[in-house]
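Biologist: Could you walk me through how to read a model like this one, feature by feature?

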Amino acid sequence: MIKYLYTLLVGVLVLNSSAFAAAASNDDLEKELAYLAAERQVVITASKIEEHVDKTIATTTVITQSDIQQIGARNLLDVLRLVPGIGITQTQMGWREIEVRGVKTLTSEKVQIMLNGHPLDHNLQNAGSGWVYDDLPVDTIKRVEVVRGPSSALYGANAFLAVINIITQNAKDLNGVQTSAGWGSFDTQQYRASWGKQFDNSAEAALHFNFTDTNGINSPIPADSLSVQGQPSSAPGRSQLTEGRYDLEWQLGYQDFKLDGRYINKKAGTFFGAASVLSDDRTQQDYNDYFLRLSRTWKIQDKFTVDTQIFHDFYSADNRWQLAPTQFFRTGFQDTRTGGEIQANYHISDTQTVISGFSYAKEQQGNLIDELGGDPEHLMPTLSSSEERTRRRWGIYIEDVWDPLKNLRMTLGARYDRYSDFGGTFNPRMGFNWEFIKNYSLKFSYGTAYRAPAFGELSLVNNPVVSGNPMLKPEEVKTFETGIIAHPVAGLTTQATYYHSAINQIISPVSGQTTILQYANNGSLISEGVELETRYDFGGNLQGSYISANHVLQHSTQLSQQLADVPRHRTNLTANWAFDNTWSSFAHILIKGNTLRNPSDTRNNVPGYALFDVGLLGKNMFGQKVDISFNVYNLLDKRYYDPAPTSLNFIGDYQMAGRAFFGHVSLKF
Amino acid sequence: MKIMDFCKVLILLSVFWVSAGFALPGKVLIVNSDNTVFRYETIASEFKKVLQQNAYQWTEFNLNSHADAEAELKQLIQQENPVLIYCIGTKAYSLARNVASNKKLLFSAAINWRRLDIGEGTYGVANELSSAQEISLLRYFFPTIKTIGLLYNDKFSREYVETIKKEALALGINIINQPINDTQEISGALNELLPKIDMFWIISDPVVLSSKASVQQIFQAAQQQKKPVYAYSEVFIEQGAVLAISADLATIGRQSASLALMINEDKVPEGTVQNPAGSTVTLNKCALDALRFSFNQDALDSVNKIVECDK
Amino acid sequence: MKRILPVFFIFSVFITGSYWSAYSNVGSIIYFYNPETNINNFATLKTAFDTYLVNHGGYYFQPFDSRENFEAVIQEKKGDIYLLSSWHLKALQQKNVPLKIALVGTSKGNTMQRKVLSTKKDIVDVTMLKNTVVAGAGSEEYIHSVLKQILGKEQEALLKDIKILLVPKDIDAIMAVGFGMASAAISAESSLDKLAMINPNQFRELHGLGFSEKDYLLVAATLKKPEQQEAELLEVLRKMSEADAGGENLKLLGIDGWRAM
């Protein structure tokens, strides 16, 4: 009997699973079908391997949406000024200069800004992409990637010293309606509305609308070239940099097709003016800019995809400048760029990917406006200073990203571009990233880049001061950089980079024959420096808190002279403290070294300064729907100056904003 | 450039690096697509067993029991700051990838993982056995099979089917694959496919296997044309499959756990996705007899279960 | 509870019906436990062996998936036949359990087998297994002990740096090496032959890095000198390979016959 009972018990043990399972196998089929149904819910398109920032050969800084929120950024400039190697300064015209690695020019034409990978250097007359994008609203931005160093081998013209790629929220990120509003000092107001939806039939749509308006910082301008001679002028007065802008961005997708673009209208006054005379509020800058891009990815094979796109870019300027109290000059033009690109991505193996592509574009300038007169409302046509012009360009490129070892990535790339007006240019790029010890990587890269001469530089006419030069060749830069990136402990990232750039054939005005000055490929410049960055993200209860610091030592020389108007060092210290899941506070200190003058400039150096910004952010309040932030810029009301060029030496320098406030609310539905 | 400045800062930095301490071992966050789904839950429970044996802590998050799963998951990740997120099922993985792309992710039970958006901090255990393993075992049982046919949906299974074709060819078996977009196409596709093949293979394609009706349709058609059906799961044995070689769910759970431990010790190369190491073999002798289809008797020691006809 | 109720229901139908009558006149039982496999095919084993044994003298077969339960039966009982691995037998003998081998399983004429630690050919030394995964079928304790034996005294320290991945079958373990889920596998030598047959490419990539000592395949043991009933059952068992159905059953255990000791 005991034997029986025991067997009975064992029988239960054995049969527990098997007999039950056999009896219920129909049920098992149901279970499996339920599993398959659960898996069916998720459709995934396009699988692309993103390159990890640590593994690229380029020196890259990524600023995420949550960083932007914590900074309390009012526009793109507030984001960029935290990036190591980048400095932001005011120009006399109004727009801001983006200094990169110790090189700064009036139109920042050596920096390429891109929106979702599309280049924004739409101003063909004067080059550069900062015209309407410098103060881009940030509420719709998902991520900003700043790649310092030359990238022409991939992106072609003008990816010279840095590429700033702005990635905006797509339908998936939005998934509903998001609105936000911000108010702050200088009568600043910002509004934003976005909507995004993914439909069942693989269609998706995202729309963003932004509106911004500000009266500007009203800096005191003590003198101008007239007032110093005792003649009537607006000086002493204040800067009139009012700015108003609205824009609409769209991203529409259906199956593998995507149609995206952005339209921007920007109207602005000016900071000082276009001449050496302080402008009153009658200087008006009016810009329209859009691009439209239709793209499609073709998946030929699992390992072989082809990206194709056609695009149309448009840029128009219609600006009225006050040259003297009763003299106004209106200048305008329209630029378009229409073209297409085809890029093949071949994933040779798990360790090697080759991309190669061809691009073509036609650039045109027309609808020129040139008027002059004493009454700003009734100006008379005058000789045109710019030219109607057409340029065709094509380029081919190839890049190979290869991991010969698990801890070694090598990148080799080259691009050849040919322009109808100045010929061809070849730009290679190569480098490696070697993780020599776990969490410690060594980077090395060498590359060249070029900046195509702008239409204005090639064909400026009827300007008494400076004339264009149709014989110009592109500017060139050769850069090599090396650095170490390390994660000694979880949460800690440190990076040290040394770079050396030699810029040759710089396009700059030199003494001319018919005019005082004429553009020429003249001179070279050496820029070298060290960028140190470190960031520690706290974990556990302090999740969301971080401290970070970056410090840059830079040295740019031309003809053995330290370059004017750029500092030798710059430091950013930031701390973000998350009190709980809702509240966090942010503090930022920017320390900038003093900047030298040109040898001919007798003014004292522009003194360095330290600015202190603080902010408070409340996230996911009221059922995860509301975020509120309040920031104080320049908390200690430090009076500081951006350098005015030697030509404006009589005004001293540009006094920048004192303490400023900014409050921001955003809502998700 | 003052070289001394550079050196000073480098020295400072090196001190910072060297003096840094050790990170504390952290928690694992288990995100389950739906804990009422048997496959997901079995894997989860085996995974937890191994974590427990190794004195690891974990937190579980079941997507099916949260209304606003995305926001809540985001918050949980912030709160718990896990060292690793274990995602069971495609839904869990996609969501975690969206809200925590900077965290290490380990996935399993995701159909055809090659279609997933895989980043560099991602690891996984595939849902399907290595097709080479499956085909090797299949051939062990049925050495005479030369041509096998299968139905699939391009959106869900393309990459997997491509691998099957390649591996099969290397082992001397020809795969004829027929894509379908909808279950309505099953009947037509089978009529075309079945006459050309020695055996029909049911793969885990969620479009082909969207309902019981479509499962029945497959077996009826195969029976009419007297073609044996091989399936990826033993649940199809009852329907008449002659052989099922399935990934052992418990092994997937154990294997994930073993990967999780090694990831935490930084001993696994990033991007590693393993196939399940364990197989469960079910042989339906009843169905084989009915088809008068013979099999290699030596293969019996690899069988987990033999199904005989009810007497 | 949800799960227990239907089990009891099924149980009452299956067992109280047909089994009651059988066990009311219960013959000797063969108890089976094998730590060298994870195959979890108990239901199939039980059905197959019971069908055969009931028709050959009214005997029964009882497989176990838990070592404790199996050993508890041995402690409890003083009769019957136990099918177990020779490794397990030795372990029990060391604990002074007086088990004696009556029959030894054979496979293709061999009664002995050894376990192989196989790896891909780029692993040339056991020290290279530090911080890797070794796959094996069976209980963790068993795999551990085989590994220990293969590594020997000098390399025993390596054990703590090796992770063991338990898989259901030998072939899974070897294939896990081929497909990169593990760096090494513990398996029977015969399982490698099987791999050579079903996936020759993979077989060529592997080599044996170490071998255990030779040991018997599955053994049938008794606790005391078999009484008549046990002796009869042993004879039934020994002759199983002579009948088709019996031979098939033995193959489920990974052997093809028995040899008397």
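Biologist: Before we start, what should I know about the model and its numbering?

Modeller: This is a predicted model, so local features need pLDDT of at least 70, side-chain atom pairs count only at pLDDT 80 or more, and totals for chains, interfaces and linings use all residues. Residues are numbered from 1 along each chain as its sequence is written, while chains are lettered from A and ligands numbered from 1 in the order in which they are written.

Biologist: What is the mean pLDDT of chain A?

Modeller: First the idea: pLDDT is the predictor's confidence in each residue, from 0 to 100. For chain A the mean is 87, and 93% of the residues reach 70 or more. Residues 1-24 of chain A stay under 50, and the model has 32 contacts for them beyond four places in sequence. Residues 43-51 of chain A are also below 50, with 13 contacts beyond near neighbours in sequence. Here two residues are in contact if their C-beta atoms, placed from the backbone, lie within 7 Å.

Biologist: How many helices and strands does chain A have?

Modeller: Helices (H or I, at least four residues) and strands (E, at least two) are DSSP runs, numbered from the N terminus. Chain A comes to eight helices and 38 strands, and chain B has ten helices and 13 strands.

Biologist: And what share of each chain is buried?

Modeller: A residue is buried if 20 or more other C-beta atoms lie within 10 Å of its own, exposed if 12 or fewer, and partly exposed in between, with C-beta atoms placed from the backbone. Of the 669 residues of chain A, 43% count as buried; of the 311 in chain B, 52% do. Taking contacts between residues at least 6 apart, 61% in chain A join residues at least 24 apart, and the figure for chain B is 69%.

Biologist: Can we try one residue? Is A:D613 buried or exposed?

Modeller: A:D613 is buried, because 24 other C-beta atoms lie within 10 Å. A:D613 sits in strand β34 (residues 609-620) of chain A. Leaving out residues up to four places away in sequence, A:D613 touches A:H588, A:N631, A:V632, A:Y633, A:N634 and A:L635. The C-alpha atoms of A:D613 and A:N634 are separated by 5.2 Å, although the two are 21 residues apart along the chain.

Biologist: What should I look for in the backbone angles?

Modeller: Most residues other than glycine have a negative phi, and most peptide bonds are trans. A:N158 has a positive phi near 75°; A:N158 is in the loop between α5 (152-155) and β7 (162-168) of chain A and counts as buried, with 27 C-beta neighbours inside 10 Å. A:N367 has a positive phi near 50° and lies in strand β18 (residues 352-373) of chain A. With 13 other C-beta atoms within 10 Å, A:N367 is partly exposed.

Biologist: Where is there a cis peptide bond?

Modeller: The bond from A:A235 to A:P236 is cis, with omega near -5°. A:P236 is in the loop between β11 (220-221) and β12 (237-238) of chain A.

Biologist: How do I read helix packing, say for α2(B) and α9(B)?

Modeller: Axes are lines fitted to C-alpha atoms, for helices over the stretch in contact, and angles run from 0 to 180 degrees between N-to-C directions. Angles under 35 degrees count as roughly parallel, over 145 as roughly antiparallel, 65 to 115 as roughly perpendicular and the rest as oblique. Helices α2 (residues 38-53) and α9 (residues 249-264) of chain B pack at about 45°, with axes 7 Å apart, and are therefore oblique to each other.

Biologist: At what angle do α2(C) and α10(C) cross?

Modeller: At roughly 150°, with axes that come within 10 Å, so α2(C) and α10(C) are roughly antiparallel. C:T44, C:L45, C:A48, C:F49 and C:Y52 of α2(C) meet C:A245, C:G246, C:N249 and C:L252 of α10(C).

Biologist: Finally, how many residues of chain C contact chain B?

Modeller: 29 residues of chain C are in contact with 29 residues of chain B. On the chain C side, the elements giving two or more residues are α2 (42-54), β7 (132-137), β8 (162-167), α6 (170-178) and α10 (244-252).
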